[in-house]
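Hello,

Here is the structure I promised to pass on. Please open it alongside this email, and my notes follow below.

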Amino acid sequence: MAVREVLPEEYDELDQRLEKELPLSICGLVHFRLMRKEHLLTEKMMLVDSWPNFSVLVIIKRQMRETWLSVCFCKDPEFAANLDTILQFASRDTSLPLYIIGCTPDVMDALINFNQSATSCPFRRLCPDVMVYTLPAENIVPLIIPDGFKITELSNIHTENVHKSWPYATREEWINYQITHFPSVLIETEDGRPVAWEVQHEYGAVGALHVEPEYRRSKLGSVVTRTLAEKMTKDGQLVFALVEESNHISIVFHENNGYVRMPFKFSCMGFCIEAKKKKEM
């Protein structure tokens, strides 16, 4: 199989073909459209297993950082070998770990099986599989913000606040990149104190919802998430969220705010080419 990079003049066709694969392609499609809207595709490679009728898509940065994100689409587990080939191609010049999102658990299982030995397999699940929720435009019902608050958006001055509330260990620089490049909604008190916020992640999903403890009975979380969804929809984006099955509070919150559960899950995977190389020695 020859790895093929999608060229800029082919982006419209890539968009159309990903749209035809919805809802399974939602992560790849929304990420692609977000990068295109923010003029960040020059930093990315769109790699496919064939063109124009591809079964696997990997979107990955050209210049690697300490860890790097890859948003993937794989039509079926039978194409897991093609996905493996593209990931090896993309990581050929680095030993940095790769964070992969957008593949279903059966694709993950096929990748592990394809690499035979789980003890030296370069693929690892990083967290429990997540449920996929989408928010249809007709389900977005705006809420009136309570008196004493105002709606704005996050900026670099809020990096420390967001970093402190982030549920996972990560660097402030990465947080700053997220909130300064992608859509967000922030609720402040009238004197400018940030009390609730949510962002659209680089990979396309909305998340990192946070409400300061003393304001959690004021429906500010619902105001934030519906306002961000309305903002994204007006920009022509699809709205989706990833929720762990054990997080019952988040499930109820999303369903109460109009989200609809999809009949599949995504796996959050790690890939390390060094494990692959050790296996082959």
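Which residues of helix 7 are buried? Bear in mind that this is a predicted model. The buried ones are Leu-220, Gly-221, Ser-222, Val-223, Val-224, Thr-225, Arg-226, Leu-228, Ala-229 and Met-232. They pack against strand 8 (149-152), strand 9 (184-189), strand 10 (194-200), strand 11 (206-211) and helix 8 (248-256).

Helix 7 itself covers residues 220-234, 15 residues in total. From first C-alpha to last it reaches 21 Å, close to the 21 Å expected at 1.5 Å a residue. Gly-236 follows the helix, and its phi is positive, near 80°.

Now the cores. The largest nonpolar core has 25 residues. Val-58, Ile-60, Leu-83, Leu-87, Ile-100 and Phe-123 touch the most other members. At least two residues of this core come from each of strand 2 (44-48), strand 3 (56-61), strand 4 (68-74), helix 3 (80-90), strand 5 (98-103), helix 4 (105-114) and strand 13 (260-271).

Take Val-58 as a way in. Setting aside neighbours within four places in sequence, Val-58 contacts Met-45, Met-46, Leu-47, Ser-70, Val-71, Cys-72, Leu-83, Ile-86 and Leu-87.

There is also a second, separate core of 23 residues. Leu-135, Val-224, Ala-229 and Val-239 are among its members. Of these, Val-224 and Ala-229 are also among the buried residues of helix 7.

Leu-135 deserves a look. It sits in the loop between strand 7 (130-134) and strand 8. Is Leu-135 buried or exposed? Its relative accessible area is 6%, so Leu-135 counts as buried, the limit being under 20%. Beyond neighbours within four places in sequence, Leu-135 is in contact with Ile-140, Ala-229, Val-239, Asn-257, Gly-258 and Tyr-259. Asn-257 is 122 residues from Leu-135 in sequence, yet the two lie 8.5 Å apart in space, C-alpha to C-alpha.

As background, nonpolar side chains tend to be buried together in soluble globular proteins.

Last, the cavities. How many cavities of 30 Å³ or more does the structure hold? One. The largest cavity has about 30 Å³ of space. Its lining consists of Leu-24, Phe-73, Cys-74, Gly-102, Cys-103, Thr-104 and Val-107. Strand 4 and strand 5 each supply at least two of the lining residues. By type, the lining has five nonpolar residues, two polar and no charged.

Best wishes

Definitions and conventions. Residues numbered from 1 in each chain as written. Predicted model: local features only at pLDDT ≥ 70, side-chain atom pairs only at ≥ 80, totals over all residues. Heavy atoms only, no water. Core = buried A, V, L, I, M, F, W, Y, C linked by side-chain atoms within 4.5 Å. Buried < 20%, exposed > 50% of the residue type's maximum accessible area, 1.4 Å probe, protein only. Helix = DSSP H or I, 4+ residues; strand = E, 2+ residues; numbered from the N terminus. Contact = heavy atoms within 4.5 Å. Expected span 1.5 Å × (residues − 1). 1 Å grid on protein atoms, 1.4 Å probe; cavity = no way out; pocket = protein on both sides within 12 Å on 5 of 7 lines; lining within 4 Å. Points joined across faces, edges and corners; volume = space filled by probe spheres on them. Nonpolar A, V, L, I, M, F, W, Y, C, P; charged D, E, K, R; others polar.
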